[in-house]
Amino acid sequence: MNRRWVGALILLLVLTLPGAAALPLPWSGLPVMGTNSGAYPIRLDGVEQSGNIAVVTWDVPPNCISGYGTVLISKDGRSVTERVSLGRLKPWGKKVAVFLNVRDPVYVKLRITSGNGIFMSSWVRLTPQSTPRFFPTDYTVTYPAQKGEIRPQFIQIPILIGAIISVGFALWDAYDAYNVCSDYGGDSIKCTVAAGSVFVFSLAIEGDEIVSIFRHGDELVEVPGRVYSILKRLDIVEEIDQGLQKARFVNERFAHIFDDIAKHGDDAAKALDNLVSKGVSTEAVEEAVKHGATIKGVKEGVERFAEKSSSFIVKNSGKEYTVVLERGTERSGLLHAFLRHVWGYEMEGAGITTFWPMGQKIVVNGQAKQLPKVFRNERELREFLDEVLERALQKEKYVKKFKKGSVTLTVELSDVGIYKEGITSIEFAFEYKNGVHYLKTAYPKTGYNVWAYKPWKRAIEPVG
């Protein structure tokens, strides 16, 4: 017979025994995190137990609209020995329930970390109510020492059926129960097995995954585990042990990156991971975001502007030179031209920095300056650069500058028959290596739509 149905039958037999009053268990009376913690109390609704299977329910305050739930487990009611994630909960002032297979005396409490604070219950003590018996098949079966029934009235019937089958397997073994629970795969059931004595799964509305809580200034910020793994690997966050809790702190060098990821979640974290994997430093991303960009915007801008290389052949005085526009690095090439002259990378530490008029908002000293919008996006800007350079390299005025060594071209758009509103000239700088002139940077030089950061004023103003 299928083990799932056998497990269900075992539990159903237990549930059909003559009823006994559910066993209410008291709180331990321990304080909730201290009076200055900003924590809200979660009230115990009740504990119902049949044998070793217990259902603990809590009433969650209505101001806890959404948050990440964790079951904390203790052997002594003081120190936390295990944490089991329930994922994201949306109780909206309703009940949260967990099923537990109690094999040893333990204390449990519920913690929900929400955007408006931490919600915490007091400890609840649970004790096993049956004696394990072992069979030659290596399965462990627990027989209830007292009769009772589980009656979680607030759980929808389809979910309860799945829960009964899962708990039935918990009568055999927590690992088997976990497998069955995982087989259901429903959005409303979150399954996990604690490392020690307690089997827990949540029926408290759509689970997600473990969450990391960060202190950023005076605020607590939630970050899903999948995002945390990226932040930790890139040294955006730091961990510090503090007593029973492991507090995670933002590395303040990357506070703007963290803010962007906290706001935009997975998209921002994946964009950051992509940028770093392609050689863009977290310092460069941090500065771009500090000046008004989003991480995703930086990634998409790099892809449109700098991923594709262009090359041109120049003949001067019988010699042939190759001129290349390629991605490069933060210090040189298309990547540098984008980071510096679209988002102001390292602009404070140099002379005048002019900006391509992309309609971006550049933040300086906490104030955003709206730039004119001449180019629709970075791809149009890149196509513009290629066209200007291609036409310039057809004119003797510009061709004769190419020889061994660095080259700077200041191209008047009127010379090459190109009109772009508010831009009259642009400048290309090249470095020479092994017969090839590689782009160092390209930026607008003059025109009423060309704005620049002027370090002596610490402000962005029109060039003219």
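The exercises below work through helix packing, strand pairing and nonpolar cores in a predicted model.

Residues are numbered from 1 along each chain as its sequence is written. Local features need pLDDT of at least 70, side-chain atom pairs count only at pLDDT 80 or more, totals for chains, interfaces and linings use all residues, and side-chain values use heavy atoms, with hydrogens and water left out.

**Exercise 1.** Describe how helix α5 and helix α7 pack.

Solution.
- Step 1: locate the elements. Helices (H or I, at least four residues) and strands (E, at least two) are DSSP runs, numbered from the N terminus. Helix α5 spans residues 255–264 and helix α7 spans residues 282–290.
- Step 2: take the geometry. The axes of α5 and α7 lie 8 Å apart, at an angle of about 70°. Axes are lines fitted to C-alpha atoms, for helices over the stretch in contact, and angles run from 0 to 180 degrees between N-to-C directions.
- Step 3: classify the angle. α5 is therefore roughly perpendicular to α7 (under 35 degrees is roughly parallel, over 145 roughly antiparallel, 65 to 115 roughly perpendicular, the rest oblique).
- Step 4: list the contact (heavy atoms within 4.5 Å). α5 contributes A255, H256, I257 and D260, while α7 contributes T282, V285, E286, V289 and K290.
- Step 5: sort these residues. The contact holds 4 nonpolar, 2 polar and 3 charged residues. Ala, Val, Leu, Ile, Met, Phe, Trp, Tyr, Cys and Pro count as nonpolar, Asp, Glu, Lys and Arg as charged, and the others, Gly among them, as polar.

**Exercise 2.** Characterise the surroundings of L272.

Solution.
- Step 1: L272 sits in helix α6 (residues 266–277).
- Step 2: L272 counts as buried because its relative accessibility is 0%. Buried means under 20% relative accessible area, exposed over 50%, partly exposed in between (1.4 Å probe, protein chains only).
- Step 3: neighbours within four places in sequence are set aside; L272 then touches L234, I236, I257, I261, T282, V285 and I295.
- Step 4: the C-alpha atom of L272 is 8.6 Å from that of I230, 42 residues away along the chain. I230 is one of the buried residues of helix α4 (residues 225–233).

**Exercise 3.** Determine which strands pair with β7, and whether β7 is enclosed.

Solution.
- Step 1: strands pair if DSSP finds at least two bridges between them.
- Step 2: β4 (residues 67–74) runs antiparallel to β7 and is joined to it by 8 bridges; T70 has R111 as its partner.
- Step 3: β9 (residues 124–126) pairs antiparallel with β7 over 3 bridges, with Y107 opposite R125.
- Step 4: β8 (residues 117–120) pairs antiparallel with β7 over 4 bridges, and the two form a hairpin with 2 residues between them.
- Step 5: 9 of the 9 residues of β7 (residues 106–114) are buried, so the strand is largely enclosed by the rest of the structure. One side carries V106, V108, L110, I112 and S114, and the other Y107, K109, R111 and T113.

**Exercise 4.** Identify the nonpolar cores.

Solution.
- Step 1: a nonpolar core is a set of buried Ala, Val, Leu, Ile, Met, Phe, Trp, Tyr and Cys residues joined through side-chain atoms within 4.5 Å.
- Step 2: the largest core has 79 residues, and I295, F384, L409, F428 and F430 have the most contacts inside it. Helix α9 (residues 334–343) supplies its largest share, 7 residues.
- Step 3: a second, separate core has 24 residues, including I42, V71, L100 and F119.
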